[in-house]
Amino acid sequence: MLNDGTVELGIIKRLIENAQEERHTNSEVAMQSARDAMLRARLGKYREQELESTNLVGFLLNGIGKHGDAINTIEECVLRYNIYQLTGNEIIHFTDLASELAFGYFRIAQYNEALKTLQHVLDVVNMYKLSEQYKVPCLMRMGVANTYIDNYDLAREYFTEALKVCEQNQWIEQINTIYVNLGENYFRTGNYPEAINLYTQAAEYFKSTDNPKLCVALSSLAAIKLELLQYKEAEELCLLAEQTANKYSDIHCLMRVYKNLAELYLGTKRFEESIVTAKKALTLANETNNKFEQVLIQRTLGRACFEMKDFQHAHHHFSAALELAERIQSKNQSAILYSDLALCYANLNKMPKAKLHAQIALDEAKSINAPQLIDYAVHTLDLLNSLNYPSAN
């Protein structure tokens with residue numbers, strides 16, 4: 001006859017299996033099963049099952065945009081485990097759990113916290129000599145995080161190391177995923193030809209394999225085409241990305257598509273359409289608590305209002321974007337937004353504030369050695385100095 005412990009362990013394992021089976025089709029059922037398993041495992045001190053079920057709960061919470069809840073749930077579990085005392089499958093489950101925690105930090109743009117967590121994962125991978133398949137996601141995400149906080153050279157080092165491992169093992173999907181992230185790095189540093197090359201390679205692969213990541217590659221290509229003022233090509237890419245996002249119910253990618261379309265309408269002087277579309281994107285960014293995208297979308301709204309000479313609303317959106325950019329420590333975006341606000345203040349007849357913001361923009365751009373942003377700030381200062389607005393507060 002089975003003892004109570006064996007029976008309880010069997011129940012927990014069935015709950016975990018049910019959560020795994022339902023997580024892509026019925027998230028509510030999966031969540032209930034995963035939570036039940038997590039609580040039972042914790043009470044019964046079934047360490048392996050607690051780590052596994054907590055990871056499932058975190059995955060499901062991140063999937064519906066409740067990243068704060070995912071972080072709190074996972075952190076509470078992770079803090080009770082000593083990485084030097086993991087055994088057997090606990091090692092793998094702990095690694096997966098910490099990776100899910102890092103993903104949660106990514107989604108709310110806490111990139112420094114994500115980097116600390118990823119280093120923690122990498123320590124476990126190295127300490128227990130785990131397979132390289134666990135190392136690659138860490139390196140890739142460390143590259144992404146450093147890109148988002150403007151450490152571009154360090155980011156490329158991580159991407160290069162991850163690529164080397166993938167190429168040695170012929171992991172084609174991972175290689176193309178890295179291409180998209182590395183493309184973003186080159187895009188931000190102004191190397192458009194290399195970014196386009198990487199995005200195009202990734203898009204062709206994801207299309208040939210019917211992979212949902214096609215949407216990200218297409219929307220990234222669209223963003224570069226917009227930057228190059230190639231609006232027809234950009235719109236075609238946006239529409240293809242929108243179809244892909246709807247096909248796979250990918251709201252994160254749909255948000256990026258709406259943001260790109262809002263930029264496209266702004267560039268073609270369809271300002272009302274730009275505002276309507278940007279607000280759609282902002283709704284999705286708020287739902288998923290994606291602060292970096294909120295910054296970009298608020299800036300688009302500000303620019304649309306600015307072009308319509310609604311400088312009060314432009315100021316509102318630029319200020320909201322700047323507050324978020326400084327909170328997530330994105331000096332790249334801060335530099336741009338200080339220049340935007342400088343021009344806004346000039347049009348509101350507040351020249352001292354305008355010049356102050358333009359100078360801060362220049363300082364921010366120099367601090368990250370971003371030539372294009374330095375040029376933008378210098379141009380803004382030169383423009384302000386050429387104007388003869390009265391000095392009003």
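**Helix 18 and helix 19: a briefing**

Helix 18 passes helix 19 in a left-handed crossing, where left-handed means the near helix is turned anticlockwise from the far one by less than a right angle. Welcome to this predicted model, in which local features need pLDDT of at least 70, side-chain atom pairs count only at pLDDT 80 or more, and totals for chains, interfaces and linings use all residues. Residues are numbered from 1 along each chain as its sequence is written, and side-chain values use heavy atoms, leaving out hydrogens and water.

**The helix pair**
- The axes of helix 18 (residues 351-367) and helix 19 (residues 371-386) come within 8 Å and cross at roughly 160°.
- Helix 18 is therefore roughly antiparallel to helix 19 (angles over 145 degrees count as such).

**A look at Glu364**
- Glu364 lies in helix 18.
- With 17% relative accessibility, Glu364 counts as buried (under 20% relative accessible area, with a 1.4 Å probe and protein chains only).
- Leaving aside residues up to four places away in sequence, Glu364 touches Lys331, Ser334, Ala335 and Tyr338.

**Confidence**
- The mean pLDDT (the predictor's confidence in each residue, from 0 to 100) of the protein chain is 89, and 97% of its residues reach 70 or more.
- Over residues 389-393, pLDDT stays under 50, and the model has 12 contacts beyond four places in sequence for these residues.

Conventions
Contact means heavy atoms within 4.5 Å. Axes are lines fitted to C-alpha atoms, for helices over the stretch in contact, and angles run from 0 to 180 degrees between N-to-C directions. Helices (H or I, at least four residues) and strands (E, at least two) are DSSP runs, numbered from the N terminus. Angles under 35 degrees count as roughly parallel, over 145 as roughly antiparallel, 65 to 115 as roughly perpendicular and the rest as oblique. Buried means under 20% relative accessible area, exposed over 50%, partly exposed in between (1.4 Å probe, protein chains only).
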